[in-house]
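Please keep the 3D view open and follow along point by point.

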Amino acid sequence: MAKLQHVIEAQQFTLPLIHELFQTADQMEKILERGGTLDYQNKIMASLFYAPSTRTRFSFESAMYRLGGKVISTEQAHLFSSVIGGETLEDTIRVVSNFCDVIVLRHTEVGAAKRASFVSSVPIINAGDGKGGQHPTQALLDLYTIYKELGYIDGLKIAFVGDLEQGRTVRSLAYLLGKFERVMLYFIAPDFLQIREDIQDYLTRHNVWFTLESELNKIISEVDVIYVTRIERERFGDKADIYEETVKNYFIDRETISKMKEKAIIMHPLPRLNEISPDVDSDPRAVYFRQTKNGLLIRMALLTMVL
Amino acid sequence: MAKLQHVIEAQQFTLPLIHELFQTADQMEKILERGGTLDYQNKIMASLFYAPSTRTRFSFESAMYRLGGKVISTEQAHLFSSVIGGETLEDTIRVVSNFCDVIVLRHTEVGAAKRASFVSSVPIINAGDGKGGQHPTQALLDLYTIYKELGYIDGLKIAFVGDLEQGRTVRSLAYLLGKFERVMLYFIAPDFLQIREDIQDYLTRHNVWFTLESELNKIISEVDVIYVTRIERERFGDKADIYEETVKNYFIDRETISKMKEKAIIMHPLPRLNEISPDVDSDPRAVYFRQTKNGLLIRMALLTMVL
Amino acid sequence: MAKLQHVIEAQQFTLPLIHELFQTADQMEKILERGGTLDYQNKIMASLFYAPSTRTRFSFESAMYRLGGKVISTEQAHLFSSVIGGETLEDTIRVVSNFCDVIVLRHTEVGAAKRASFVSSVPIINAGDGKGGQHPTQALLDLYTIYKELGYIDGLKIAFVGDLEQGRTVRSLAYLLGKFERVMLYFIAPDFLQIREDIQDYLTRHNVWFTLESELNKIISEVDVIYVTRIERERFGDKADIYEETVKNYFIDRETISKMKEKAIIMHPLPRLNEISPDVDSDPRAVYFRQTKNGLLIRMALLTMVL
């Protein structure tokens, strides 16, 4: 098994490493069905969260416990530097790495995980660093969900819908999809929320086919994956009418999904606000709650790979 | 052993189920004396608290650890829905049930636990839902304390003292006591804090003898159990004098207990404010700290019954 | 092995007990190298913190997990008494001691740990009680660090630098050092931040040699240990210039350490603000991050001694 040292950004993950990760995640599912393992019962994971993200924290902590390990945990890591003047992230990491075998770090600053990895004596896993930063385990679990639900990734048509401009999830996933053969990416958003040029440039450089659209209806019946993202009211400022129109245009309800391919899937990173109607939940194509379960498997796999 | 699916409200507990629960709790005490068990070491409990209640949370988490299990925990579950617009309880439960084998839910809204049970793929245990809602494990541990201290429940004379109007503990316990034979209930409170009519109607319908009183002294020497509840200053608004008179009238001190039966017991759900004098603590009839221990046993028993 | 009942204050620790503690800590290092032990897997530690101190909490929780034990934890223990009027510390301790085998208590009031020990049915370990109170495990880990790095304590020359007036760490450590033979203590601070008279009196009574200085340069080349403490801006009020001069005078950089003995060590309780230059970190004489690791060993040792 390849030894990962740290999990900092999506860019680290080559195709062979991705395949190995997915195979490990598949094994984790079997381990989970047998009730977990106690193999890691002398290992301690530290959840070092500088801002609360209970969803992500629970996912990692459950993963560690299913592996038999232990967890020390804070969602108030900023208090390490509560003294006037503050403690540097580097000092905190040097201290915490004495107490554990792996650190899961959530931070508010872009690049924090990389900085932590430079001084840590134990592996760092980036659980999100800043709005414009990375959240590689989310991108990996999204990719794994597509692979697991559809069986392959090469050649798939994948639509991203909603606020694509700021979503680090979409950005990282688009990056990873670019490594596969013949994928076709549809970015569906109003102009001012479209995917940024850096990702477009990256895809162009790597000969990945993509298109920018504003209407979902045009492509709904063609694509294999619809990846829906949260549309936050605050992003629209005083344009209340545009906000409401956007929500309405991209709303996924039973009528929308009636136009989808039978084998297509609907994904969402959660929490959802009002992008998807609850009466879609029972449709087999709605995989967003299964995404959560896949997140557990991917995090178990990553923990075994770094430990 | 009967398989409980969820623990939502006191009303679920029939007499046979109560007896089975108490027998299981008795076994748990033996297990505890032997240092706990590792039988549940591949099980994870999620403490999902929408408001802090460290006392209740510690009791459940200690119970799970004594069974060998693991715990993921938050007292800030409201942050699951911190995004503008919020995530529904239902979505949160669907997500969290992927990470664990049982959810202990504390919520601020009446009926939350029932709603959670409709969508959860794992058992839900209600650890309190709203001021006017249910807190069934507290009622069960109170009932178990009476049973354990006195050996039986049928025919007992039980006084409730203090603020009976809002106390969900008293309401649920009165409900459960109504299932036993020939119990006699004394509700001792000032008029405006008396037990509500819905409970009175329930007791009348089930032919349970009860009386409403305002003076504790009248019945102090007759009863087998005095269940004291917290009298909160804020409930009296600007009636400071009535507040002080009430506290004084119902205050339990050495003089009060000198009038009690030798075998009677004094209970309190804790925390106490100034209802009971600390110099009563050492009296063998003061069982309120043993109640806490019994809570641990009942929660261990409930966990084994749902898992 | 001597049975400790509670760990409340530095004063409890006689020379024989200190030696036994250090031997136990040495054994803990070996256990840690083997990946910890599961000997205490049926024991529960409660972290009962009335104010957050994640550094100390993580250290204790990691120690308990390395011993195989379990942990229930709160950094909001004040919420036990959130009800208007409050619950006494004594009542909270009586409740919590039903849920665990040892309580690690952090409190904001001087003397809280001692009060807790009077009513607890399980051992209490003081993890800091008030600014002017005790933090005995910190003092013990500091002492252990000197012993471990230098091999002995008798006859050492030890300088304390910075804000010595309020630092409970320095006060407790000076107290413990007073038990050893022929130590020489140098207290380096501006007048208004000098060590208080009570400690000076104690040292005089016990015939411990000490001197008060304001300049670090005078003694830098003589001493075996430089114990640097945090200099907080707020302690200087409106004397911004004195603050800056103090920081500058006591700043430890590569030039400072070039004057130190080759075998001397630099300690700091952490977090540091701007007392030590980061480019000193890689010098083998900078032991402040190893102090953290020693803290883990001392806490493992104390846990085994009380359990």
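1. Let us begin with a helix pair in chain B. Helix 1 (residues 15-33) of chain B and helix 10 (residues 288-306) of chain B have axes that come within 8 Å and cross at roughly 110°. Helices here are DSSP runs of H or I with at least four residues, strands are runs of E with at least two, and both are numbered from the N terminus. Axes are lines fitted to C-alpha atoms, for helices over the stretch in contact, and angles run from 0 to 180 degrees between N-to-C directions. Helix 1 of chain B and helix 10 of chain B are therefore roughly perpendicular to each other; angles under 35 degrees count as roughly parallel, over 145 as roughly antiparallel, 65 to 115 as roughly perpendicular and the rest as oblique. The crossing of helix 1 of chain B past helix 10 of chain B is right-handed, a term for the near helix being turned clockwise from the far one by less than a right angle, with anticlockwise giving left-handed.

2. A word on the ground rules. This is a predicted model, in which local features need pLDDT of at least 70 and side-chain atom pairs count only at pLDDT 80 or more, while totals for chains, interfaces and linings use all residues. Residues are numbered from 1 along each chain as its sequence is written, chains are lettered from A and ligands numbered from 1 in the order in which they are written, and side-chain values use heavy atoms, with hydrogens and water left out.

3. Which residues bring helix 1 of chain B and helix 10 of chain B together? On the helix 1 side of chain B they include B:Leu17, B:Leu21, B:Phe22 and B:Met28, and on the helix 10 side of chain B they include B:Leu296, B:Leu297, B:Met300 and B:Met305. Contact means heavy atoms within 4.5 Å. By class, this contact of helix 1 with helix 10 of chain B has 14 nonpolar, 2 polar and 3 charged residues. Ala, Val, Leu, Ile, Met, Phe, Trp, Tyr, Cys and Pro count as nonpolar, Asp, Glu, Lys and Arg as charged, and the others, Gly among them, as polar.

4. Chain B has another helix pair to look at. Helix 5 (residues 136-150) and helix 6 (residues 168-177) of chain B pack at an angle of about 55°, with their axes 9 Å apart. That makes helix 5 of chain B oblique to helix 6 of chain B. Their crossing is right-handed.

5. Now turn to chain C and its sheets. One is an open sheet of 4 strands in the order 2-1-3-4, with parallel pairing. Strand 2 (70-74) and strand 4 (124-129) of chain C stand at the edges with a single partner strand each, so one side of each has no neighbour in the sheet. Strands pair if DSSP finds at least two bridges between them. Strand 3 (residues 102-107) and strand 4 of chain C pair over 4 bridges, and C:Val104 stands opposite C:Ile125 in strand 4 of chain C.

6. Another open sheet in chain C has 5 strands in the order 7-6-5-8-9, again with parallel pairing. Its edge strands are strand 7 (209-213) and strand 9 (265-267) of chain C. The twist averages 15° from one strand to the next. Helix 7 (residues 197-205) of chain C lies across strand 6 (184-188) and strand 7 of chain C, at about 150° to strand 7 of chain C.

7. Finally, how do the chains relate? A rotation of 120° with 0.0 Å of shift along its axis superposes chain A on chain C, with an RMSD of 0.0 Å; superposition is by least squares on the C-alpha atoms of residues with pLDDT of at least 70 in both. That is the relation of a three-fold axis. In chain A, the C-alpha nearest the axis belongs to A:Lys70, 5.0 Å from it. Only 3% of the interface residues of chain A are also interface residues in chain C, so the copies meet through different surfaces.
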